[in-house]
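Trainee: I am new to this structure. Could you take me through it step by step?

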Amino acid sequence: MKLFSRFTLLQIAIHIYAWSALVWIVIELLAGTFSINPIQELEQRTGRHAITLLALSLLCTPLNSLFKWSEPLKRRRTLGLYAFLYATIHVIIFVDLDYGLAWSQIAQTVLQKPYIIVGATTFLLLVPLAFTSFDIWKKRLGKNWKRLHRLVYLIAPLAVLHYIWSKKGDLLSLSGDIIRPLIYGLALAIFLIVRIPSVRKFLASLPSLGLVLFPKKDQPPAQRDPQTGD
Ligand code: HEM
């Protein structure tokens, strides 16, 4: 029990959720109930988990702004690193399980399928963010750290574009399986808009939604984001 007392409920929930996708895959593989197209299923599940964790990491700032709840700001790095972990597994499945490390064939596919170029760009942009997410890099890079981490404003829409494009749907007629990626797109757009400093300031000036919904005394004020300082 001592172990659990060191973690908050939110931390425990994040770790359980993050590992759940891998654990579930292993359980289904062992039980022999996994998809008849296992490689595609693995690609899709890891891709979805990566974008979901990315979205959750971007939800932390709105949660702080709306509910004056400061803990999510401390959990953003964990969520971001888990998103990177799943994106890496997603890429490894593609290059190894799907293409058997046949690099010339991989290059050909990348050139033929623009959504793969978008996915690869998204992944490459995620790499510096993941590696510099630690405090030591924050100190070393100073103001440039904040600038670098603004790349998330590019990464999120690219990830959504990769998702929508991979479904081979038509945006205009809303055909194909593109409703789910569109919902991700809308959610990510809202989370990013709420991170814009002027929007954050406006939200911070409103009474806490938490206070309105669950009134109680001594509600702590909204905190500055420890990662961006906004
Ligand atoms: C080199 C980088 C990447 C490659 C080669 C790649 C490859 C793929 C492939 C082949 C699929 C289609 C699977 C199918 O339906 O047949 C896919 C789907 C997907 N990928 Fe990626 N991807 C890359 C990066 C990323 C990144 C960085 C993210 C998210 C942060 C991501 C998220 C997704 C999502 C959400 C899907 C759709 C899953 C679904 O159909 O439900 N991918 N990717």
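Trainee: In what order do the elements of the protein run from the N terminus on?

Mentor: Please keep in mind that this is a predicted model. From the N terminus on, the order is α-α-α-α-α-α-α-α-α-α-α-α.

Trainee: Which residues of the largest nonpolar core touch the most other members?

Mentor: That core has 30 residues, and Leu53, Leu54, Ala83 and Ala156 touch the most other members. At least two residues each are supplied by H2, H3, H4, H6, H9 and helix H10 (179–195). H4 provides the largest share, nine residues. In soluble globular proteins, nonpolar side chains tend to be buried together.

Trainee: What does Leu53 touch, then?

Mentor: Not counting residues up to four places away in sequence, Leu53 touches Ala18, Leu79, Tyr82, Ala83 and Tyr86.

Trainee: Turning to the ligand, which residues come nearest to it?

Mentor: There are 22 residues around the ligand, and Gln44, Gly47, Ala87, Gly119 and Ala120 come nearest. The elements that give two or more residues to this shell are helix H3 (38–67), helix H4 (71–98), helix H6 (114–131) and helix H9 (152–166).

Trainee: Which of them gives the most?

Mentor: H3 does, with eight residues.

Trainee: How do the residues of that shell divide by type?

Mentor: The shell around the ligand has 12 nonpolar, eight polar and two charged residues.

Trainee: Now H2. Where is its kink centred?

Mentor: The kink in H2 is centred on Ser20 and is about 40°. After H2 comes Gly32, whose phi is positive, near 75°.

Trainee: What span should H2 have, and how far apart are its end C-alpha atoms?

Mentor: Helix H2 covers residues 9–31, and at 1.5 Å a residue its 23 residues should span 33 Å. The end C-alpha atoms of H2 are 31 Å apart, which agrees.

Terms used. Residues numbered from 1 in each chain as written. Predicted model: local features only at pLDDT ≥ 70, side-chain atom pairs only at ≥ 80, totals over all residues. Near = placed C-beta within 6 Å. Helix = DSSP H or I, 4+ residues; strand = E, 2+ residues; numbered from the N terminus. Nonpolar A, V, L, I, M, F, W, Y, C, P; charged D, E, K, R; others polar. Expected span 1.5 Å × (residues − 1). Bend = angle between axes of the 7 residues up to and from the residue. Core = buried A, V, L, I, M, F, W, Y, C linked by C-beta atoms within 7 Å. Buried ≥ 20, exposed ≤ 12 C-beta atoms within 10 Å, placed from the backbone. Contact = placed C-beta atoms within 7 Å.
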